[in-house]
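Please keep the sequence and coordinates at hand while reading.

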Amino acid sequence: MEKSSDDVSNIHNRFSLTLINPASHYFSLAGSLVISAVITSIVYLGYIGTNENWFRIPMVIGVLALSQLIDTRFTRKKEYSKSLHASLFGNMLWIAVILMGLLASVVLVKETSLFFVTYGMFLFASFRIGIFTTTLGASIKKAWAICMVQPLAMFLVMIPFDMWYSTLTNPLAIGFGAVFLIIASVWSVLTDRAGRPGMESTHKTIQAYLASQGNDFTEAEAIIEQRSFKTKVSTSQIRLSASDGNMKFRMVLPEIHPGPYHPVGGSNIPYLMYKNLESSAMIMHSISDHSLNLPSKNEVENYLKNLDSSIVKEEGLMCTEPVTVQINKARVTGLLFGNNPLLFLSLSPHGMEDIPNYMKKEIEQYAKNRNYVRTLIVDCHNAMGEEISKEDGEDMLKAAKSCLDSLITKDSYPIEFGYANSDSMDVWTEDLAMGGLGVVCLKINGKKFFLGWADANNMENGVREKIVENFAKQGRQLLEICTSDTHYAPVKARNRNGYYQLGLITGADKLTKWFLQIAYEAESKVSSAKFEILENEADVKVMGQGIYEDYSKALDKSLKLTKGFMIGSVTLFIITLFL
């Protein structure tokens, strides 16, 4: 499980490179047109030495715009936006070569030569081979057919007719240009095969990922589902039912994990479960990791249908007051429903990644030795951090065991509860998903305890503590705030994480206001209740660990190849500056 977490983090870091693209294709369109005008100006002022050909600027811009449309005909999905991004970066490369040529002529005290304009055109074409094969889905043959169209068309319009022969027959320009075209082709073939045998085509995987960012997730799900396998996953629930029958609430602990990423597979499954349970539930993050992701929407539907067949394993009327044990950074809060402990594990405000499975097994075994019937464990997932350290893990295990020992000694009392959510409130924000916020108020032995929930992907560090403090100022004890770890994103976050954690955008003060409003409503609904422990087991496909290992290795190998080719290409380019 720990290895899977490492692989997921590595893949996430690699795919964060896709953020290099501008957020809008309009920006790329405007940028490429402006740069093409600047290239034309530099060529005439810096290389040809005249300013009498300004009429060529609109011609170059027109040819560029037309060739961008032609490019889309050669892409697998006829995507105009990606063609524009490719054009922007290609033109940036061309202008960089031209400027480096001017700089070299000044430093080395030699005449400027249109060699660098021709040379830059070939480098532009080489770059297009890489882009067309990796992200636009073209074969090597198609990439070769289209690679010269845009740069050559711009070149022919930009350079006077009487200079075509001398510039396009320059042996050095043609020779070095051909070398870079070959380098780009070899790089493309090698990076595409980098993931074999585990991954047939690295490029197809990248293309599927990019397509899914435009909400076309069918290809990504098909690739992932091929590698997924059937297994049994369990789902535990604590259902609280008011004695008058007017209110029901469920706390759900699914063994599956939200993901892999929005909008693929079970990325939005906490909200779908929430709606499936009549918007009266908290979908918790259990002890699970990305190996337990559902790979497709079909598997999500299968899982949700199976939830209807949950079986009541135990019921009762009594619960203990909560027990909280803090050991260094680790905090565990527990309640005992009958003989079934419910534990909430957190390192907030310090944060961590998903709690590893070995900790779940050790806690469950310890509870079994203390004659508990079944142990329900929640990963609060309420602060950002890395994989849990050995020291923090040991502290958390000690805290969990101490909490279990304390619960044995506690008296049980009749349960009263009230539940409310934000469905009727305007709480839309970029760091909160579709399920919104929820609060359950537990009244035990005459004391009221609150538990908050958010359909969000983790929390900004320290936000939980500020909200708890604000609740205390209002005379209310907020035990924990848990997140669902949803991988749904209301907006595409252009940051390394790919999402906004709760509190990053909204802030603790506004969240406190919302949570308190919901808490007051939940408190007003408090009535006596009974609890039921429900269990369910479903046969579904999950992604497993192997797929992440293979993807991680493929991306690492591709990146190493890219670095090697880049070093070689830059070295070769520097050599040409002295020729």
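Does Thr112 count as buried, partly exposed or exposed? At 33% relative accessibility, Thr112 counts as partly exposed; buried means under 20% relative accessible area, exposed over 50%, and partly exposed in between, with a 1.4 Å probe and protein chains only. Thr112 sits in the loop between α4 (80-107) and α5 (115-134). Helices (H or I, at least four residues) and strands (E, at least two) are DSSP runs numbered from the N terminus. Tyr47 is 65 residues from Thr112 in sequence, with a C-alpha to C-alpha distance of 5.8 Å in space. Neighbours within four places in sequence aside, Thr112 is in contact with Gly46, Tyr47, Leu102 and Ser105, contact being heavy atoms within 4.5 Å.

The model is predicted, so local features need pLDDT of at least 70 and side-chain atom pairs count only at pLDDT 80 or more, while totals for chains, interfaces and linings use all residues. Residues are numbered from 1 along each chain as its sequence is written, and side-chain values use heavy atoms, with hydrogens and water left out.

**The chain as a whole**

The protein chain has 18 helices and 14 strands. Along the principal axes, its C-alpha atoms fill a box of roughly 95 × 45 × 40 Å. Of its 579 residues, 56% count as buried. Among contacts with a separation of 6 or more, 80% are between residues 24 or more positions apart. The protein chain exposes about 24,300 Å², and carbon and sulfur atoms supply 57% of that area; the areas come from the Shrake-Rupley method with a 1.4 Å probe, and for residues only the protein chains shown count as cover.

**Salt bridges**

Side chains of opposite charge can pair when their charged atoms come close. The structure holds 19 salt bridges, each defined as a side-chain nitrogen of Lys or Arg within 4 Å of a carboxyl oxygen of Asp or Glu. The table gives some of them.

| Salt bridge | N to O distance |
|---|---|
| Glu221 and Lys297 | 3.3 Å |
| Glu535 and Arg374 | 3.6 Å |
| Lys448 and Glu523 | 3.1 Å |

Glu221 and Lys297 form a salt bridge that links distant parts of the chain, helix α11 (residues 218-227) for Glu221 and helix α13 (residues 297-306) for Lys297, 76 residues apart. Glu221 is buried at 8% relative accessible area, and Lys297 is partly exposed at 27%.

The salt bridge of Glu535 and Arg374 also links distant parts of the chain: Glu535 is in strand β14 (residues 527-542), Arg374 in the loop between α14 (357-369) and β9 (376-379), 161 residues apart. Glu535 and Arg374 are both buried.

In the salt bridge of Lys448 and Glu523, Lys448 belongs to strand β12 (residues 447-454) and Glu523 to helix α17 (residues 508-524), distant parts of the chain 75 residues apart. Lys448 is partly exposed, with a relative accessible area of 32%, whereas Glu523 is buried, with 16%. Elsewhere, salt bridges with shared partners join Arg331, Arg464, Glu465 and Glu480 into one network.

**Aromatic rings**

There are 14 aromatic pairs in the structure. Rings of Phe, Tyr and Trp (its six-membered ring) pair if their centres lie within 6.5 Å; planes under 30 degrees apart count as stacked, over 60 as edge-to-face and the rest as tilted. The ring centres of Tyr271 and Tyr274 are 6.4 Å apart and the planes are at 35 degrees, so the pair is tilted. Both residues lie in helix α12 (residues 269-276), 3 residues apart, about one turn of the helix. Tyr271 is buried at 16% relative accessible area and Tyr274 is buried at 1%. One aromatic cluster consists of Phe115, Phe116, Tyr119, Phe176, Phe180 and Phe573.

**Backbone details**

The peptide bond from Gly259 to Pro260 is cis, with omega near 10 degrees; Pro260 lies in the loop between β2 (248-254) and α12. The bond from Ser348 to Pro349 is cis, with omega near 10 degrees, and Pro349 lies in the loop between β8 (340-346) and α14.

His381, not a glycine, has a positive phi of about 50 degrees. His381 lies in the loop between β9 and α15 (390-409) and is buried, with a relative accessible area of 6%. Asn458, not a glycine, has a positive phi of about 70 degrees. Asn458 is placed in the loop between β12 and α16 (463-473) and is buried, with a relative accessible area of 4%.
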